[in-house]
Amino acid sequence: MGFHREGSMEYQGHSKDQMHQPIHSARSTWLVLPLFAAASAVIAVILLLGSGLGSRVHLWNFRTGFALIKASGYIGLGCALLALVSGFISIRKRHAKGIFLSLLALLLSLAAFVVPLYWQTQAKIYPRIHDISTDLQHPPTFVAISTARGAGVRYEGAAVAAQQQKAYPDLKTVVLPYPKEEAYKLALLAAREMGWDIVAELPAEGKIEATDTTRWFGFKDDIVVRVQAAGNRSLLDVRSVSRVGISDVGTNARRIRGYLSKLVPGGAKP
């Protein structure tokens with residue numbers, strides 16, 4: 001009898017172990033989809049962040065960076081759908097780890113998808129120009145920067161002017177209530193406050209030439225400020241030009257507005 005009871009207990013113990021093994025195996029299987037979604041979302045975010053960084057440090061050109069942004073958007077969209085499916089399954093199975101991983105994957109994938117979508121939308125809104133000036137008839141010209149670049153910075157003329165006038169009608173010559181010398185000093189101070197790299201200071205000509213670097217891709221944009229005497233007042237014009245690309249997605253206009261706001265905080269007087 002003792003032998004029988006002991007053998008029965010041993011059998012029951014083995015049965016319990018065998019019952020637990022399928023449960024653990026099933027839960028591990030449920031984690032495969034959330035883990036895959038999370039890993040893919042992380043890759044999408046890395047592609048997004050690395051697109052501009054790689055271009056900035058010259059690992060690849062900006063076109064490759066744009067391609068990586070596009071890829072991150074597609075991967076992000078796919079991961080978001082995958083995260084929704086894995087999240088739904090995890091909720092039904094009441095698997096806490098699966099729910100957490102699915103939520104993490106969803107948040108990361110949405111970030112990887114929304115940023116490229118935003119830039120694509122902005123590219124459609126803004127005109128396909130990258131040379132912006134407050135004086136469309138006689139835009140300020142570059143001298144020192146043209147020499148450094150080994151080529152002139154040519155203004156495209158009426159076609160560009162018409163598109164700018166339609167998109168940024170507020171950008172016009174600003175009248176400063178100071179004589180030229182004082183206005184020039186204020187213009188130079190504002191340029192330095194903008195964090196621009198001053199290339200040339202030409203007070204006799206009333207010109208300032210500078211370069212600004214964009215944060216993400218490290219694009220170099222050139223700026224020239226012109227101050228002209230107008231009696232006891234001064235006329236100030238700014239021109240900002242991107243070195244690469246077709247559309248600047250509004251960057252140059254925003255730069256000019258930011259600069260003018262430092263000179264005329266209450267609003268520029270055209």
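Arg 94 counts as exposed because its relative accessibility is 75%, where exposed means over 50% relative accessible area, buried means under 20% and partly exposed lies in between (1.4 Å probe, protein chains only). Good morning. I begin with this residue and then turn to the rest of the protein.

The structure is a predicted model, in which local features need pLDDT of at least 70, side-chain atom pairs count only at pLDDT 80 or more, and totals for chains, interfaces and linings use all residues. Residues are numbered from 1 along each chain as its sequence is written, and side-chain values use heavy atoms, with hydrogens and water left out.

Arg 94 sits in the loop between H2 and H3. Its phi is near 55°, a positive value in a residue other than glycine. His 58 also has a positive phi, near 65°, and is placed in the loop between helix H1 (2–56) and H2. His 58 counts as exposed, at 70% relative accessibility.

Let us consider the overall plan. The protein has 7 helices and 6 strands; helices (H or I, at least four residues) and strands (E, at least two) are DSSP runs, numbered from the N terminus. Along the sequence the pattern reads α-α-α-β-α-α-β-α-β-β-β-β-α. Of the 270 residues, 39% are buried. Among contacts (heavy atoms within 4.5 Å) with a separation of 6 or more, 67% join residues 24 or more positions apart.

UniProt, in an unreviewed entry, places the feature "transmembrane region" at residues 29–51, 71–91 and 98–119. UniProt positions are given in the numbering used here, feature names are shortened, and annotations may be inferred rather than shown by experiment. In the model, residues 71–91 are 100% helix and 0% strand, with end C-alpha atoms 30 Å apart. Residues 98–119 are likewise 100% helix and 0% strand, and their end C-alpha atoms are 32 Å apart.

I turn now to Arg 255, in helix H7 (residues 251–263). Is this residue buried or exposed? Arg 255 is buried, with a relative accessible area of 7%. Not counting residues up to four places away in sequence, Arg 255 touches Met 194, Trp 196, Asp 212, Thr 214, Asp 221, Ile 223 and Ser 240. With Ser 240, the contact of the side chains is polar, at 2.9 Å. A polar contact is a pair of N or O atoms within 3.5 Å; within protein, one must be able to donate a hydrogen and the other to accept it, and residues adjacent in sequence count only if both atoms are side-chain atoms.

Finally, the largest pocket. On a 1 Å grid over the protein atoms alone, a pocket is an open set of points where a 1.4 Å probe fits, with protein on both sides within 12 Å along at least five of seven lines; lining residues have an atom within 4 Å of a point. The largest pocket is lined by 33 residues, and Phe 66, Trp 119, Phe 219, Asp 248 and Val 249 lie nearest its centre. The elements that give two or more residues to this lining are H2, helix H3 (96–125), strand S4 (207–213) and H7. H3 gives the most, with 7 residues. Thank you for your attention.
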